Structures are given as structure tokens and as C-alpha cells.
Amino acid sequence: LMNLTRKLIEIRSMLLSIDQSDGLKLPSIVVIGSQSSGKSSVLEAIVGQEFLPKGNNMVTRRPIELTLVHTYSTDGQTPQEYGEFPALGLGKITDFSAIQRTLTDLNLAVPASDAVSNEPIDLRIYSPNVPDLTLIDLPGYIQLASLDQPDSLREKISSLCEKYIREPNLILAVCAADVDLANSPALRASRKVDPLGLRTIGVITKMDLVPPEQGASILTGNRYPLHLGYVGVVTKSPKRSKKDSLALSVQKGEHDFFGAHSDVFGGSESVMVGTNTLRRRLMEVLESSMASSLHGITNAVQLELEEATYQFKVQYNDQRITAESYVAETMDALKLRFKEFTQEFRRPVIREKLKNMLDDKVMDVLEQLYWLDKRAPELGTIAADPRLKPEEIEPYWRHKLQAASSLLTKSGIGRDSTLLVADGLRSLIDSIAAGEPFTFHPRASERLIQFSHMILRDRIGVASDQVENCIKPYKYEIEVEGREWDIGRERAIDLFEKEVNMCETKLKDIRRKVGGSRRLGGLVNYVKSLEEKEREKKMKRLEGGPSEDTVEPTPESYRYPPAQILDARHAILYSDRLAILRLRLAALRSKRCRAGPQSDVFCPEAFLNVVADKLAHTSAMFIGIELLDQFFYQFPREIDSRLLYDLDRKEIVEFARENPAVRRHLDLQERKDKLEEVMKQLNSLSTLRADPQPAPRRH
Ligand code: GDP
């Protein structure tokens, strides 16, 4: 059978976990007193165990929410006494000195700069020797300022206590008998919030230190009346033998002391003495206080529940979620997203990308070997001569073609093409990791990037070696078929046309920039004449003539600013390039070039294009096998093993709550659930109370 207090204590801790709004609070007993008033001794006497931190410098730095749960014997077996710190997950602690050590550690963990912390420690003690009670132990008031306890600490403690002694809590004001009550900070603080003493119980400790009559007169409370009265205790046992428990020795001590002065303390109805009386008193007071809060709290919970239910309906259409479902959905969405993106890495797409890269290389090779060659125009002329047979052409041109082909095939295609694709994958992953919902999950996003980059790093070497290996044959010999030749020639024409367009646009830009074609013409002539002079000077120097370093300023040098001279130099480069490109375009379109692969020497552009195409094809195939297939296989599995499976329940919740929308949803849902549960408990209480046979009270 559960009594009312016990049930309400349960409900109280549930409400505490919902929120701290004042309407939803059930009372607890707050223990206040100055340092050394005997506060710890009283608490330990109530519990019957030594469990609070001791020692000279040991001041309580955090509130302790102490919940005492009376346990009943089953089958005549005395139940075990134990404590629990629900927030720490240490399980049952049967050794009370371990509880003491834990509390000490928690106290010491408060940074010295903070001195005290508002964060309460939740401690529950289960024992057949304790009543059902909730007590809150607070740091003791500092009475005398001293060097190691600065004023700020004193104020911090006061304001912490002030927060806790508000309604509906009961106040246990601990005062030592040998200190004038007028000086008791506990009573002073309680009077401020509870002037009539309606919810304050006075505990007078160290009754043994004053003459019995004096002690008894304090307890009558004539000077500082408290509605709930004073209880006198002696919590220091003079000599505690090893075999006696704390509870027993306190009991003996009090029995001896109050018994010896029964003339003063005995018989009298008006004074209350002894720890047992104190416990009983606390239970009575807490129970009646809780009972009187019941109606108000039931109404408040009902209102809150209605509001939460309404919000849940309106905002989420009664849709429930769990952290697990959110995580699972997120991972599925990630895999799906990734799968969509893999479309961008289909083989034809990759081939096209590689071909573009190789086209650039082809242009570089052509520039290096042909366009910069002064004999380049010759190639056009001989190609236009219909009588010239391919075998009659100078070996010079055949060597050139071979050099060009080998420059292209040996330009590090394996590495470059693998890196190109790997970079594409990398930026794909980076963009996924930078998008929703990973914006809310920075750590998961970082891990995603980390492991995918790692998979890539692992594959790049193998893949690029493999590609290099497979294009090796092309380094020695390349067979070109007629159809391939035609396609290569067309593509070369396309590329050259684009290049021509590009050069024309650049020239046009320069012309506009310098102020028209006339001016550009003047500039170009001037630059050319400068170059001519330079050349002459160089010749003279080579011939050993007198060096005349000074360049005489000409009228033109004043007309053209240096920036425009630079523009003119660029213009010269572009028009030279244009001239060559146009020549080569004509060659590519010529009958000779259309004839087929046997004309490769005349049309290196078409030939190199075919080579580039073959290289792109082979590279794409092996990158597909060695890099992409591997990556696409491994990636979803790594998501499971690195993002998902090594998360424990706590981390899953943490992850889900990183997303603010999910956090709000979970919070509201949880709040509603808890309120429902509390409401259920409260309803069951009212039937309990309506029961004609009231639950027996244990004392
Ligand atoms: P706290 O600082 O308020 O927690 O006080 P403690 O419980 O640590 O007690 C302060 C000192 O008073 C300790 O030395 C206790 O042994 C002593 N003390 C506590 N209760 C009594 C008592 O009833 N009688 C006597 N003579 N000393 C007590």
C-alpha cells in the first residue's frame, strides 16, 4: 500500500523533470542553517546514515535534492539500504561511504571561481529506516566573513537559499541552542518569506550545550513564535561504539540526555524533542502540505496538459516521432540523395569530362609543337598540294607527329583523370555534408567528410596506376579507323572554331579597351617597331658593337601608356594565334584531311583528337571499375557503420536533438506524455482518497 506522501513525492519528481514553472510544484522540505549549526548532523540523524561530505574545508557547494523512500520488508527479509544518483547512472550504492565520496567529488567539481552552483544533485535513499520524505540540503549560511570565503560567496549562498525557500516549499530552519536565535540567519531568511512561520519548522541542535531550562524555553518559541513549532535534538553522540549504527547511537544519546532531564522535557505537551519526533513532525507537515497542494496542482496539471495536447495536435497533427526514427530517416535520405547524385558519375558523363580535360591537353601539345613552330604554315601548303604523296613528305613532320602523340599519352593521364573524378566525388560529398539536415549536425557532417575522403584516398593510388597501366599500349602504337578519323576531324574542327571565337572575342575586347581599331593598329605598329629595335640592338651586341643602352624617347612613347602597350602585345599574340588557327581550320577542312587516317601527318589535330578520345574511353572505364564502383559500394556501408551503428541510445537522442525542429517536437511530445502520466497518477490518488478506508499511516 502506498500512502499519499509517497505517491506525491513520485509525482513531485516527475513534475520537476517537466519544467520549473511555479504552478507545477509540489512542496519539499528545504534545510537551511548557518555553517556549523549542525545541519549535516540533523540530516544524517534523519537518514540514520553518515553520507554527507565532511572535513574542514568541505562546504556544500551544490543543493542536494534528497528523496527518501521507505522500503518494506518482504517475506520477513529486511530490505537492503542503498542510495542512487539517477543522473549519474552508477546503479545501487549500498556503501554509504561511497555515497559520501561521490558527493565530495561532485562538490569539488564545482569550479573554485563559481564557489557554489545552482545545479542540484539528485540523490535517492531507499531504506526501511527512513520515512518517505523529500529534503533539499543547501549550502550553509556564512556568518563571519573570512579570508578563504569571500563576500561574494556569502551573497551567492543567500540568493541560492532564497530561491529554494519560496512557496510551496517547507523550511527547516536549523539553529544551534548555544547561539542566540536573534543571530540565526536561517530564521532571519525564513521570516522574510514566511513571517507567520506557517511553513517553517525550527530545529534546535546541540541542546546538550545549554542548561536544560534554557533549551526548553527556546523550544516553547515564545520569543520567535513559529506556527509549526520547534523541535530540540542532540545529534552528536558522545561516544559511538563500533557496532552501533549512527541511528542507534543518536537515539541512545538523545534518550540519555532527554531522559536525564525528564523533569524539564518529559511530560510536557508543548515541547518537542528528539530526532524521532522530528521525523514524525516532518512527515506530518509534508503530508498535510502536499495534500493541501493537491487540488491546486491537479488543476494546474490539467491546464498544462490541455495546452500541450492542443499544441501537439495543431503543430504536429498528433504525429509522434522518436530520436531513432529521425536518425534512421536521416540516414536513408542521405543514401537516397547520394544515389541520385551518382547519376552524375555515369560512364558517359565521366568520359565526356575526361575528354574535355584531354582536349585542353591536346591544345597545349599543339601549341607547343606546331603553333610556335615557324614552319607551321608550310604544313598547310604541302597538304594543299594534291600531287604530293604521304610517303614523300619530309621526315620532320612525321617525327613531330610522333612527339606530339607521345607528349599527350605520357602527360600523366592516370593521375590527372583519377584526381579529376575524385575531386568531383569529394565536392559532391562536401555539398551533401554542407546541406540540410547536416547543417544541424556539424559533428556527423565532419565524420561524413572524413570517412568519404578516406575511402577516396585509399582508392586513388590504385585507380591511377591501373588507368596508367591500361593506356600503356597507346604510348607505342595507335591504330585509327576511318570512322574514328572522321569523328576526330569533326571534333577538332569544333574545337578550333571555339578557339577562333575565343581569340576574336579577346581581340574585340582589347580593341574596345584601347579605343578602336585605328588606335590599336597604331599601337601594334609601335610595339612592332620597338621589338624590331630590340632585335637590332641584340644583333649589334652579338656582333661586338658598342653597347648603347639608352633608348631614346620617341614621340610615340609619350602617346602610349604602358598598360596599352601591354594590351597591344596581347593583341599581337591573339592575331598570330588566329592566323594559325584559320590556316589549320582550312587544312582540316581540306580534301587531303578528309581522305582518312593516312593523312595523319598533315592533320595532327584530327589524329590527336582520336588519341584523346581513346584515352578518355579507357580511363573512364578503369576509373569506373577501380574508383567509382568501389566508392559507391563502400559509401552506404560506411554510413551505417560509422554514422549509425556506433551511436548508443544517448548519442542518438543527442543527434536528433541537434535539429531544432526535431528537438521542439520531441520536447512537446515528452512534455505531453509526462503530464498525461502525472494526471493519471493524480487521478488515481483521488480515488485513493475517496476510499472510505484511508491508507494506514506509518510512524
Ligand atoms: P553543519 O556545518 O551545519 O553541517 O554542522 P555539522 O553537522 O557538521 O556540525 C558542526 C559541529 O557541531 C560538529 O563538530 C558536530 O560534531 C557538532 N554537533 C552537531 N550536533 C551536535 C549536538 O547535538 N551537540 C553537540 N555538542 N555538538 C553537535
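## The loop with S36

S36 sits in the loop that runs between β1 (29–33) and α2 (39–47). The model is predicted. The phi angle of S36 is near 70 degrees, a positive value in a residue other than glycine. Most residues other than glycine have a negative phi.

S36 is also one of the closest residues to the ligand, along with K39, S40, S41 and D208.

## Ligand surroundings

The ligand is surrounded by 14 residues. By class, this shell holds 2 nonpolar, 8 polar and 4 charged residues.

For S40, an N or O atom of the side chain lies 2.4 Å from a ligand oxygen. For S41, the corresponding distance from a side-chain N or O atom to a ligand oxygen is 2.5 Å. Taken on its own, the ligand has 580 Å² of accessible area, and the protein covers 74% of that.

## The sheet

An open sheet of 9 strands is present, with mixed pairing and the order β3-β4-β2-β5-β1-β6-β7-β8-β9. Its edge strands, β3 (82–84) and β9 (272–273), each pair on one side only.

Strands β2 (residues 64–70) and β5 (residues 133–137) run antiparallel and are joined by 5 bridges. One of the bridge pairs links L68 to L133 in β5.

## Cis peptide bonds

Most peptide bonds are trans. The bond from E167 to P168 is cis, with omega near 0 degrees. P168 belongs to the loop between α4 (151–164) and β6 (170–176).

Another cis peptide bond joins E436 and P437, where omega is about 0 degrees. P437 lies in the loop between α14 (413–434) and α15 (442–470).

## Cavities

The model has 2 cavities of 30 Å³ or more.

What is the division of the lining of the second largest cavity into nonpolar, polar and charged residues? There are 4 nonpolar residues, 1 polar and 1 charged.

Conventions. Residues numbered from 1 in each chain as written. Predicted model: local features only at pLDDT ≥ 70, side-chain atom pairs only at ≥ 80, totals over all residues. Heavy atoms only, no water. Near = heavy atom within 4 Å. Polar contact = N/O pair within 3.5 Å; in protein donor to acceptor, adjacent residues only side chain to side chain. Areas by Shrake-Rupley, 256 points an atom, 1.4 Å probe, with all protein chains shown as cover. Nonpolar A, V, L, I, M, F, W, Y, C, P; charged D, E, K, R; others polar. 1 Å grid on protein atoms, 1.4 Å probe; cavity = no way out; pocket = protein on both sides within 12 Å on 5 of 7 lines; lining within 4 Å. Points joined across faces, edges and corners; volume = space filled by probe spheres on them. Pairing = 2+ DSSP bridges. Helix = DSSP H or I, 4+ residues; strand = E, 2+ residues; numbered from the N terminus.
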